[in-house]
Amino acid sequence: MSDEAPPDVTIIGAGIIGICAALSLLDRGISVNLIDRAGPAEGASYGNAGVISPWSCVPISLPGIWRTLPKALLEPDGPLSIRWRYLPRFLPWAIRFLQAGQTNRVYRTAEAMDQLNRPNVELYRRHLAGTGKEHLLQDCYYVQAQRSPIMPGPDNFGYRLREQQGAPLELVDGKQLREIEPALSSDYQSGLIIKNQARALHPGDLGKALAEKARRNGAEFLQRDVQSVRPDDDAGWRIETDGGTLFASKLLIAAGAWSTRLLEPLGIRLPLEYERGYHLEFRDPGVELRHSVLDMDRKFVTSAMTSGIRSAGTAEFAGLDAPPDNRRAEILKTLTQAMLPDLKVDNTQGWMGTRPSFPDSLPCIGEIPGFTNLFAAFGHSHFGLGMAPKTGEIIADLLAKRRPNLDLSCYQAERFLQ
Ligand SMILES: Cc1cc2nc3c(=O)[nH]c(=O)nc-3n(C[C@H](O)[C@H](O)[C@H](O)COP(=O)(O)OP(=O)(O)OC[C@H]3O[C@@H](n4cnc5c(N)ncnc54)[C@H](O)[C@@H]3O)c2cc1C
């Protein structure tokens, strides 16, 4: 047991969400420590596809998505996979997911996503300043390529949502696509180019560079496994870890996919699903890519990183503790070879990570109802790298008792507790 006074805020989870929250809190003169069983940015924040798009306002569940699900599920190398034993636990979430795709709800979700993503490049640049790792964020396009020559124009729901938010969009044919990204296969016949965005050249290293800055600014990182949290006297929190008991004045849960495990013993039940994704990295690729590239047909993203070319994708529902199915990473080899015909595939490295996903593609950010000094910043699903810096700003404003000039109701945990 520690006799030292706790810092102003204790953060459980040193993924990109916890790290960005720490930086924003420190900016406001609020002291923090972060507890993580692994090092900083070792969870989902390590192995994602690196897309940082201010224009990311299209939720995963859209009107009519149910029509695409049977094909996606039945194809062995398709983007969606469910372990059948997991189905009973998955179904209630799936029903909420389909409901979230109703037209009237999707417009509101798009606005809420836009609030979190719009300033992401600018905020990352601010956080990275002075780290010596500014190069880990590169300006780029989002190249969304497809095999059909019929371009996904304004009749497409996702296109309309982005257009409505003012995204700089350009529709291109196959020839123009290869002028922008010469390594792409001639199978791609058309594409959508989203401009004015960025990519992380290595999301894990980006997170670690920001964690190092937080450390320099006074944050303390503790490598411990948190076993439980419960209210303590004087409106604080008692944290049981594998290295003893810690006390917190204010507690921020930023533990990604594991967050609800800490909250369930307190009686807080939120529909957070564990959406596992995989990447395969080609360490000696022999081809160059300039942008983030999405294969719209096969639903995976490929991008050049400092460690090679990385393809990332797959939504696998199998629970939090099931071992990785390495075949899913291997599928990305064939798919990426088809995308980049000159790719060398001898030296590869696979990875699995878990997205913390609510049915409506939005995170929980803010105070958790029914408790004092307990805050949430988790559930960023497919978009956590992009949403992290603004999430951190919102959390820091709330904890500094500054009311952000935003509609925060869409991120409240209450939306699931009524
Ligand atoms: C394949 C894939 C591709 C993706 N591509 C993109 C993309 O291109 N752009 C984008 O914006 N997003 C992307 N994402 C989503 C993004 O990676 C996540 O939303 C984001 O990383 C979540 O960050 P986090 O900090 O909440 O979680 P994590 O990074 O998982 O961090 C949670 C941390 O909490 C710690 N923790 C949990 N429980 C405990 C405990 N009990 N005790 C101690 N420590 C604990 C864990 O060790 C972990 O370090 C992708 C995700 C995947 C899987």
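Colleague: Which residues of H1 are buried?

Modeller: This is a predicted model. In it, the buried residues of H1 are Ile16, Ile17, Gly18, Ile19, Cys20, Ala21, Ala22, Leu23, Ser24, Leu25 and Leu26. That is eleven of the twelve residues of H1, so the helix is mostly covered, a residue being buried if 20 or more other C-beta atoms lie within 10 Å of its own.

Colleague: What span should H1 have at 1.5 Å a residue?

Modeller: The twelve residues of H1 should span 16 Å, and the end C-alpha atoms are 17 Å apart, which agrees.

Colleague: What follows H1?

Modeller: Gly29 follows H1, and the phi of Gly29 is positive, near 80 degrees.

Colleague: What does Ala254 touch?

Modeller: Leaving out residues up to four places away in sequence, Ala254 touches Ile11, Ile12, Gly13, Gly15, Ile17, Gly18, Ala21, Ala377 and Phe378.

Colleague: Now the ligand. Which residues around the ligand come nearest?

Modeller: Gly15, Gly43, Gly256, Gly277 and Gly384 come nearest, out of 41 residues around the ligand. Two or more residues of the shell come from each of H1, strand E2 (32-36), helix H2 (44-47), strand E13 (273-282), strand E17 (348-357) and helix H12 (384-399).

Colleague: How many residues of each class does the shell have?

Modeller: The shell around the ligand has 20 nonpolar, 16 polar and five charged residues.

Colleague: Tell me about E13. How many of its residues are buried?

Modeller: Ten of the ten residues of E13 are buried. Glu273, Glu275, Gly277, His279 and Glu281 point one way from the strand. Tyr274, Arg276, Tyr278, Leu280 and Phe282 point the other way.

Colleague: Which way does E17 run relative to E13, parallel or antiparallel?

Modeller: E13 and E17 run antiparallel, joined by ten bridges. In one of these pairs, Phe282 has Thr348 of E17 as its bridge partner.

Colleague: And how many bridges join E13 to E16?

Modeller: Seven bridges join E13 to E16, and these two strands also run antiparallel. Here Leu280 has Ser311 in E16 as its bridge partner.

Colleague: Is Thr314 buried or exposed?

Modeller: Thr314 is buried, because 22 other C-beta atoms lie within 10 Å.

Colleague: What about Lys401, what is its phi?

Modeller: The phi of Lys401 is near 60 degrees, again a positive value in a residue other than glycine. Lys401 sits in the loop between H12 and helix H13 (414-417).

Colleague: Why does Lys401 count as exposed?

Modeller: Lys401 has 7 C-beta neighbours inside 10 Å, and a residue is exposed if it has 12 or fewer, so Lys401 counts as exposed.

Colleague: Changing topic: how far does H9 reach?

Modeller: H9, residues 203-216, has 14 residues and reaches 20 Å from its first C-alpha to its last, close to the 20 Å expected at 1.5 Å a residue.

Colleague: Why is H9 largely enclosed by the rest of the structure?

Modeller: Ten of the 14 residues of H9 are buried, so the rest of the structure largely encloses this helix. Among the buried ones are Pro203, Leu206, Lys208 and Lys213. After H9 comes Gly218, with a positive phi near 115 degrees.

Colleague: What do E10 and E11 form?

Modeller: E10 and E11 form a hairpin with two residues between them. Five bridges join E10 (residues 237-241) to E11 (residues 244-248), and the two run antiparallel. Trp237 stands opposite Ala248 in E11.

Colleague: Last one. Where is Asp173?

Modeller: Asp173 is in strand E6, residues 169-173. With 13 other C-beta atoms within 10 Å, Asp173 is partly exposed. Asp173 and Lys71 are 102 residues apart in sequence and 26 Å apart in space, C-alpha to C-alpha.

Note on methods. Residues numbered from 1 in each chain as written. Predicted model: local features only at pLDDT ≥ 70, side-chain atom pairs only at ≥ 80, totals over all residues. Contact = placed C-beta atoms within 7 Å. Near = placed C-beta within 6 Å. Helix = DSSP H or I, 4+ residues; strand = E, 2+ residues; numbered from the N terminus. Nonpolar A, V, L, I, M, F, W, Y, C, P; charged D, E, K, R; others polar. Pairing = 2+ DSSP bridges. Expected span 1.5 Å × (residues − 1).
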